Structure formats: structure tokens, C-alpha cells
Amino acid sequence: MDAELTQFALQAVPRYTSYPTAAEFSPAVGPGEHATWLGRVDPDESVSLYLHVPYCRDLCHYCGCHTKATHRNEAVRIYRESLEAEIRLVARHLPGRLKAARIAWGGGTPSILGADGLASVMAVLDEAFDLDALAEHAIELDPRFVDAALARRLADLGVNRVSLGVQDLDPVVQIAIGRVQPQAVVAAAVGHLRAAGIEGLNIDLIYGLPHQTEASVRATCRQVAALGPDRVACFGYAHLPQRKANQRLIDEAALPDTLERFRQAAAVAEVFCGRGYQAIGLDHYARLCDKLAVAARQRRLRRNFQGYTDDDRRTLIGFGASAVSQLPDGFVQTTAPVADYRRSIAEGVLPTARGIAVGPATRRRAIIIERLMCDFRVDLDEVGGITRYGNIAARLQPYEAAGLATLSGGTLRMTAKGRPFVRLIAALFDEARSGGETSFSRAI
């Protein structure tokens, strides 16, 4: 990477799992607006559901998620009861018992609820939503807490896709990030899930961690590929200790520099693409026959708060502290502090902390950003024409000069060289970005 590209790579920009991004959500959208928007959901459309469980047994040093460590089962039980109460509360504002096509559990470690706790929440979901046509039921799991009994119970609950948080398999790196899980532990978890009949397997990795090298990342990727997951997601570590206190446990001197991070990302792509996986968007890989890969080839790939997906539903209803809902009228986010979340629900009020309404002009920008993030190209003539976006041609010139993007006949394309920098191009269409931000992760 030359000096010019290094300058681009150091810029901080959103990950664009949504547009507008959560940074633009405002308290001006509260429980009242949330209730109104829920009532406007089309009763004839199926929806997707997300459930957030903000607890882990231990908090890893690198984690940037909204979660906290607890060893108190009572706290987990009380949270589960609030989650169930929220589901019933939201259902009262919907225009009927909607069909749910997808369920995803995230966290935290959702399995901390226990098999019985998960079953209890599922029973409440079944009361509130029609689950007969459920196509995908996914859950994030920590491999260290997956045994044969849990795998069987998950299968009994209809779980058909699991994302295992592996991050890295190098022992030195694992110690540095507070997440020690030998390869044998991960392999055992995979074996339990497959023995239970859960076929959909995702593995999550991270590059840019302390003490990682290009060679160690390659070794991890080879070991993961040998486990045969359908999908792999490999994210760049975002070191934001000013926002996440647990990240202050990371030795910054051990973090790889920008050039090394670039090499690590390239190594990940080389290993998985060399083993029959298709590169999906910015940081995912999938087997050629996988639905995600098919959607990418057909330009049906989508992007939401869970990353890349083939889910094309307009409505995603989130439950749990800090969960985000994507509704036809806009985005809403639940309050993050668990105590505030529980208090609001106990009072019978939607625990809405903030959100943002989305109108036609914003939706056009959202389409541009999503297509860039998913397809690395967009036809601006299909979203109002280039003149609608100000001096975008002039703002693109530095990136065209660097060989990262081209603009021709109204079509904006990322070059092969420019694909790792796609978030920078997406940011040019983000009305809220003025440059100089430090609260987002680096482009590479």
C-alpha cells in the first residue's frame, strides 16, 4: 500500500449497516412515534425478528457490542421476563398477528438464557407472531459454551443456522484478547451442532487484533476452512477505548499498523477464495451454493444491522436492550441501560430511546450506499441522477485519480483495487458526514 492509499485507509467512516447510521438517531423519535410506526406495518407482509441478549459470562477485551458480564442467573432470568413482556407489548401495537419469516438472536451470548429460557421466549414469540412459515432461525453462540445437550435443544426449537464467534485461533492472540478457546473446542462445538442436525454454520473472525500477523491470520483461516462452514465473516477490529472501557485492556503497542491490517484482510480473502468460497461484499465469504452467494451473484444482497443478508423484508422488529428496529417509516432503537429498559416495560411503555424518520430523499441515498456496499457499483440514474447529489463528481475525483473508483455514464463503480475502500465512497453520499470524525472505525 502506497502513501496515498494509507492516507485513505486511516480515515474513520461508518460501517454502513444502515443509512442513516445509528449516529444520527435522535431522542425526537420516542415511544409515541414507535407505536405509530408499528401500527403502520403492512399486515400482509412477513417480517423479520431480532432478539438481543446483552449478557456474557465474561467480557472479552476486544468486544464492541452492547453487553456486560454477569454470573448472576437471577439477573438473566429477570431480563428474560422483561424481554417476553416487551414482545407482548410490541404485539399490542401491531396491526395483527404478523407472519415472521426470520428470527435472529444476538448479544452478548444469547444461550446464557439457557435452553429452557430460550424455549420460554420462543413460546411468547409464537403467541405474538405466526411462525408457521419461518424460513431461518439463527443464533450467535460462544463455542466455549456449546455442548451436545444445548445443540439438541436448539434444533428442537427450530434453530437452523448458528454463528460461532471464533475471532482467532492463535493462542498468543487469544490470551491478548481475553478469549481463550483452543481449536479443539471450536471443532467440538461444530461437531455437536452438526450431530444435532443444524446444517447452517457461520464462523466469525476478526483481523487487526493484538499480536496478529499476516502469517497467523492465514493459519487461523486455514483451520477454519477445514471445519467447512457455509459462511465466514471477518471484520476489522475497531479499537475505540474511549467508548468501550473493556478495550482499554488491549495493549495498543501490540496492534498491527495500517499496512499490516491491509495485508491481513488480503490474506483472509486469498485463503477462503482459494478454497472455494465466494467473496461477499466487504468482509463475508460463502460457499458458491449458499443462499448468500446466490443473492450476491443476482445482486439481491442486502445489508442491515446483522451484516450482509439475503433477507429482503422491509420490516425488522428488534427486541431487547439496545436493539434496533427497521420499520417502513424509519429506524427506532430501544434504550441500552438494562435498568431503564426494564422500568419502561414494567410501566407498559415501549422502551424507545431514539430513532429517525426516513423520507424519499433519504431512501434514495440509502439505496446508493447499500448497493455500493453490496455490489460495489450503482447506477445513479436509477436513483434520481447524479445532479441530485451536489458536487459528487468533484468529490469523487481524488478516488478516481487513485484508481479506486470510476464514474461513467451515470454508473459509479469500485475498481478491484478500490473495493476495500468502499466505505469511503459510500460516505460521500452520507449527508451527515463532514469528515474528521473519530468515533467510527478506520476504513481498513
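This is a predicted model: local features need pLDDT of at least 70, side-chain atom pairs count only at pLDDT 80 or more; totals for chains, interfaces and linings use all residues.
**Exercise 1. Describe how helices H8 and H9 pack.**

Step 1. Two packed helices are described by the angle between their axes and the distance between the axes.
Step 2. For H8 (residues 214-226) and H9 (residues 258-273), the angle is about 25° and the axes are 9 Å apart.
Step 3. Angles under 35 degrees count as roughly parallel, and so H8 is roughly parallel to H9.
Step 4. The crossing of H8 past H9 is right-handed.
Step 5. Turn to the residues in contact: H8 contributes Glu214, Val217, Arg218, Cys221, Arg222, Val224 and Ala225, while H9 contributes Glu260, Arg263, Gln264, Ala267, Val268, Glu270, Val271 and Phe272.
Step 6. Sorted by class, this contact of H8 with H9 has eight nonpolar, one polar and six charged residues.

**Exercise 2. Work out the order of the sheet that contains E17, E18 and E19, and say which helices pack on these strands.**

Step 1. The sheet is open, has three strands in the order E17-E19-E18, and its pairing is antiparallel.
Step 2. E17 (377-379) and E18 (405-408) each have a single partner strand, so they stand at the edges, and one side of each is left without a neighbour in the sheet.
Step 3. On average, neighbouring strands of this sheet are turned by 10° against each other, direction ignored.
Step 4. Four bridges make up the antiparallel pairing of E18 with E19 (residues 411-414). Leu407 stands opposite Leu412 in E19.
Step 5. Helix H12 (residues 360-375) packs on the sheet and touches E17 and E19, with its direction at about 140° to that of E17.
Step 6. Helix H13 (residues 392-401) lies across E18 and E19 and runs at about 135° to E18.

**Exercise 3. Describe the hairpin of E14 and E15.**

Step 1. E14 (residues 324-327) and E15 (residues 330-334) run antiparallel and are joined by four bridges.
Step 2. Gln326 has Phe331 in E15 as its bridge partner.
Step 3. Two residues stand between the strands of this hairpin.

**Exercise 4. Classify the ring pair of Tyr389 and Phe429.**

Step 1. Rings pair if their centres lie within 6.5 Å, and the count comes to ten aromatic pairs.
Step 2. The centres of the Tyr389 and Phe429 rings are 5.8 Å apart and the planes stand at 75°, so this pair is edge-to-face.
Step 3. Tyr389 lies in the loop between E17 and H13, and Phe429 in the segment after helix H14 (422-427), so the pair ties together parts that are 40 residues apart in sequence.

Technical notes
Residues are numbered from 1 along each chain as its sequence is written. Side-chain values use heavy atoms; hydrogens and water are left out. Axes are lines fitted to C-alpha atoms, for helices over the stretch in contact, and angles run from 0 to 180 degrees between N-to-C directions. Angles under 35 degrees count as roughly parallel, over 145 as roughly antiparallel, 65 to 115 as roughly perpendicular and the rest as oblique. A crossing is left-handed if the near helix is turned anticlockwise from the far one by less than a right angle, and right-handed if clockwise. Contact means heavy atoms within 4.5 Å. Ala, Val, Leu, Ile, Met, Phe, Trp, Tyr, Cys and Pro count as nonpolar, Asp, Glu, Lys and Arg as charged, and the others, Gly among them, as polar. Two strands pair if DSSP finds at least two bridges between them. Rings of Phe, Tyr and Trp (its six-membered ring) pair if their centres lie within 6.5 Å; planes under 30 degrees apart count as stacked, over 60 as edge-to-face and the rest as tilted.
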